[in-house]
Amino acid sequence: MAQYAPGQLIDRYQLANLIARGGMGEVWKAWDNELHVDVALKRVNLADPDATADDWAEAVARARVEARIGARLRRHPNVVTVFDVVTEADGMPWLVMDYVEGRTLLDQLKTNGPLHEDEAAKIAGAMLDALQAAHAAGIMHRDIKPGNVLLGVEGSVFLSDFGIAKRLTDTSMTVTGKILASFEYAAPERIEPTLGDPDGTAADLFSLGVTLYEAVEGISPFRQDPPSFLTTINAICTKPHPPMTRAKRLAPLINQLLAKNPADRPGIDEARTLLVGKGQDRTEKAEPQPPPP
């Protein structure tokens with residue numbers, strides 16, 4: 001894979017500085033020489049030396065799907081806008097996106113620790129709005145986590161990285177035997193499909209619950225010590241999440257989003273009701289009733 005540096009041109013876009021790098025790719029701040037505005041350029045990462053031609057084709061397909069999905073949701077105020085997709089000589093596409101001045105929720109948590117419940121509630125509302133728009137368009141995000149929540153400097157909140165999203169009616173992007181999402185944020189049914197529909201909208205809501213739990217408590221509820229893939233997925237599928245001490249009014253919402261059974265999770269409208277404190281936490285045990293006379 002080619003190495004890139006500040007000042008280099010990608011089509012009409014001049015790279016400025018590297019913003020982020022992760023398993024799914026790297027994101028650069030760049031300058032649009034045609035429109036004279038800042039943009040963000042995302043390049044798919046396929047640095048595996050053993051990558052096959054099928055791996056390359058799959059990565060390219062994911063990037064193009066992300067571009068199409070981002071374009072469909074481009075008018076939503078809580079979704080990062082995708083403007084264009086350009087391809088370099090090596091055949092790998094770059095997504096051209098709106099540049100958001102700010103940081104990810106993950107960086108915020110690493111720097112400043114857990115959020116106050118009011119800050120987390122604002123993020124929850126923005127994510128529910130973004131998911132409602134995506135689900136209404138028949139799109140599952142499938143990788144909601146703190147690293148994909150962007151916090152703008154002016155207080156705006158965005159959902160980013162639809163790189164492994166899929167249409168609810170599309171099976172062409174299913175990768176047999178792989179869990180593409182960050183596994184500690186994945187819903188139980190995505191790990192063990194017998195527990196429910198792995199591509200249902202409830203799976204996104206579970207991942208949102210994990211993200212909000214981490215936002216207020218400071219740690220992912222299913223992260224194990226020492227960290228292990230097998231112990232983590234076992235905790236996701238079989239163990240209750242640890243009780244919350246900082247969530248306060250967000251606890252009923254988070255508790256229900258983290259229900260193991262997808263049918264027990266709230267829909268987006270019910271989640272909004274819980275968010276404003278008007279819903280009932282169905283995970284709480286009912287008070288025992290006295291026997292009839």
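**Exercise 1.** Find the salt-bridge partner of glutamate 184 and describe where the two residues lie.

*Solution.* Start with the contact: glutamate 184 pairs with arginine 223 in a salt bridge (a side-chain nitrogen of Lys or Arg within 4 Å of a carboxyl oxygen of Asp or Glu), with 2.6 Å between the closest N and O atoms. Helices (H or I, at least four residues) and strands (E, at least two) are DSSP runs, numbered from the N terminus.

Now check accessibility: glutamate 184 is buried at 15% relative accessible area, while arginine 223 is partly exposed at 37%. Buried means under 20%, exposed over 50%, partly exposed in between (1.4 Å probe, protein chains only).

A word on the model: it is predicted, local features need pLDDT of at least 70, side-chain atom pairs count only at pLDDT 80 or more, and totals for chains, interfaces and linings use all residues. Residues are numbered from 1 along each chain as its sequence is written, and side-chain values use heavy atoms, leaving out hydrogens and water.

**Exercise 2.** Which parts of the chain do glutamate 189 and arginine 265 tie together?

*Solution.* First, their side chains form a salt bridge (2.7 Å, N to O). Glutamate 189 belongs to helix α4 and arginine 265 to the loop between α7 (251-257) and α8 (268-275), so the pair ties together parts 76 residues apart in sequence. Finally, glutamate 189 is buried at 0% relative accessibility, and arginine 265 is buried at 5%.
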